[in-house]
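Subject: Structure for your review

Hello,

Here is the structure to open alongside this message. My notes on it follow below.

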Amino acid sequence: MAGNNKGWLKKTLLLLLVLLLLVTAAVYWIFRSSLPRLSGELKSSDLSGPVTIERDEQGLATIRGENRNDLAYASGFLHAQERFFQMDLMRRRAAGELSEILGKATLNIDKKARVHRFRARAKRFIAQFPPQHREVFTAYTKGVNAGLSQLSGKPFEYYLLGTTPQPWQEEDSLLVSYSMYFSLQLDNGENEWQAYLLEKTLPESLSRFLLYQRSEWDVPLEKDLTPYEPPLLPGIADLSVSASPTRQNLLALKKSEDDLWGIIGSNNWSASGQITKSGAAMLANDMHLGIRVPNTWFRLRLLIEKSQENTSSLDVSGVSLPGAPLVVVGSNTFVAWGFTNTSADWGDLIKLKLNPDNNQQYLTVEGFKNFETFEEPIKIKGEDAVKFQVRDSIWGPVVKGPSDELMAYKWVAHYLQGANSGLMKMEQVKSVVEAVSLADQMGMPAQNAMLVDRFGNIGWTVFGAIPRRKGNDSFAANQYQRPHDWSDGKMAWNGWLTAAEYPKVINPVNYRLWTANNRVVSGHDLKIMGDGRFGHAARAKQIRDDLFDLKSDIEEKDFLAIQLDDRAIFLTRWQQLLEQLLRESDNQKLKPYLEYVSNWGAKAAPESVGYRLVKEFRLAVFRDILARLSKPCTDQFEKCNVYRASRQLENPLWAIVSARDKSWLEQGFDNWNDYLESRAMAAFAKTLNGSQSLSSYTWGESIRLNIVHPLSRFVPGLGLLTDMPHDTMQGDRDMPNVAGRSFGASERLVVSPGHEEKGILHMPTSQAGNPLTPYYGVGHEDWVKGKATPFLPGKTRWKLLLTPEN
């Protein structure tokens, strides 16, 4: 009997081993079949001449061809082979079609996107592209579908999802651009809506105080016409500020902590050739985005070399966005350009008045009009499609927000001027002045465009469409930043500004320019752009000060050092406050914290316990006071969120804390020290209750990297193949070196046009989307450690030749 049992056990183990081997082989085949073609020769009837795709050891790509259309074809082929699933997610995100492959979990995301009907707009707009640009997009589309078809199997993600990739269409490349609108701007004007609710529910003096938009940190490129004055505490008599916040208030703010920083942003700056070692101007750019596997960008160099048959040439290098046939940020050897989000006002909320006798009509200058309705059925994987109806007005679609009021949203993204092929023109510009003259032709989410050229010139302007708002400057500046009824005709968009009317700064006398999502303009230009929730200026000020510390002979390594600057200047006054509080406290439980706070290092260093303590103390104070002050709003409107109304809340918060007015204390506290001590106890709860030791409570542990594939959370074991190491790294969000668990510099770039061989460029994850690719993850560690890796691709390791069919 025992022998029989042993025999069955052996057979069972053998069977399990065979099954394991079969599963392993199947998994290997799934990944292996979707590897990109790296070398050899392929033919295509869609090419007019030979094209080579060269890759170096990191997979950094150089495409050489004889004309722009062939380069576009090869770019599409390359992007599809390396990143098709990423491209698919981006087009589906914009079109509201994620549920078709991901299921019901993304239905609400799709509904929000469908409101804007971007697929219909993309089809209409791409037909209006200039013929030469349209040909490029057509060639790119053919290249994408060729690249997809040349894979031995479909990309591995589709096997895991049990779906089939759909062919690329021309309008999909415009949808990829629209997906960046969702990342870089609010799609329903929520910042204006939230400010409106605060003003509606709080006493005027308190809402004005909380929404104060000036700061001692401000460093606009255009000097303010009036000196900064700190916000004044409103009179306490009519304010109910002592009531304790409810747990619901606190949890709502804690869940949206990222809204302290708001819409994703970036850093860029430049130095004139007057102060660089080479004499050419120099650019630095790091665009801050959510980071996942693979990275947002794909590094690319496009080359057309002069010959007897070809008198035009092209040499543009930088980062491309898979799904689009161009370099988004980079250098063409004459001009280099980089972007940060403007955080200005690119959309307006319009209050709609319904016809009391017919709720399918709304009031306009011309009387009541019918809503235009569109049926937008949403396909759901494994289920029946969901019916969804979009209501549209003459101003824009009806959108949902934090209150039930009926609003329409007029957004730059809804127009051809906001989404077109204009950025392609940067491939051939020869000077900063020429680039500035094209600013109004750049159909993209409006960006602070930092421009430098090989002749030493620097410039800043806005790339993206700027609406011409009706009314005088003062009217436009104040009224358009809150929801209003437009049916009386006093408010409207009357076309678009021309590049000549755009805000701009060219060759300033100090030889330096900088932006970091902060307010860049003042006076008349501020009234043109409006405030779309500008970022706090601490990061911009630190960059500016670093720039002025560089006197002359600036080199690329000097700009990289600024990008890696993790000094905690913004938190210094909070550290001083906490250190003094701990020194004066009689609470024995807090005594061990003093040494860490005193020796915090003044940097967002991974090993620093003190930095984390200071940061979390500030957040505990911040969250508690704001929850109390905004309680009347959250009591009336469940979705009221003060963070989403302003990114300048540090200013009123510090005014309250530094004034130490007892009338602003929460009920139950007689003095500010006791109140602040209670906030410290709340902030340090994990170490006080013993769930974590104080010595291990480091900053690095709190932001340990979590850069993962979108599917790895749902497919057991996938992350072992796809996800990046959970490293610690330096940096935080209120300093030049921006870092978070899955957020940060999606690339770091430093370059002088004409000196690209000395430039620096690195990015997280890698070029590859398939974990079996030989360069998968290569370059990621350089990004983590801030290593100065070359801007241009290196020595060719693999070469693929694409030739036309005879």
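Pro294 sits in the loop between β5 (282–290) and β6 (298–304). In this predicted model, the peptide bond leading from Val293 into Pro294 is cis, and its omega is near -5°. Most peptide bonds are trans, and most residues other than glycine have a negative phi.

Two residues go against the phi rule. Thr333 is not a glycine, yet its phi is positive, at about 80°. Its place is the loop between β8 (327–331) and β9 (335–341). Thr333 has a relative accessible area of 16%, so it counts as buried, the cut-off being under 20%. Arg533 also has a positive phi, near 85°, without being a glycine. The loop between α14 (523–529) and α15 (538–549) holds Arg533. With a relative accessible area of 5%, Arg533 is buried.

Next, a strand pair. β14 (residues 372–375) and β17 run antiparallel and are joined by four bridges. Glu372 has Asp392 of β17 as its bridge partner. In a regular strand, side chains alternate between the two faces of the sheet. In β17 (residues 389–392), Val390 and Asp392 form the covered face, while Gln389 and Arg391 form the uncovered one.

Last, the surface. Leu14, Leu17, Val18, Leu21 and Leu22 make a nonpolar patch of about 470 Å². One of these residues, Leu17, belongs to helix α1 (residues 2–32). Leu17 counts as partly exposed because its relative accessibility is 44%, which falls between the cut-offs of 20% and 50%.

Regards

Key: Residues are numbered from 1 along each chain as its sequence is written. This is a predicted model: local features need pLDDT of at least 70, side-chain atom pairs count only at pLDDT 80 or more; totals for chains, interfaces and linings use all residues. Side-chain values use heavy atoms; hydrogens and water are left out. Buried means under 20% relative accessible area, exposed over 50%, partly exposed in between (1.4 Å probe, protein chains only). Two strands pair if DSSP finds at least two bridges between them. Patches are made of residues with over 30% relative accessible area and no salt bridge: like charges are joined within 9 Å, nonpolar side chains (Val, Leu, Ile, Met, Phe, Trp, Tyr) within 5 Å. Accessible areas come from the Shrake-Rupley method with a 1.4 Å probe; for residues, only the protein chains shown count as cover. A salt bridge is a side-chain nitrogen of Lys or Arg within 4 Å of a carboxyl oxygen of Asp or Glu.
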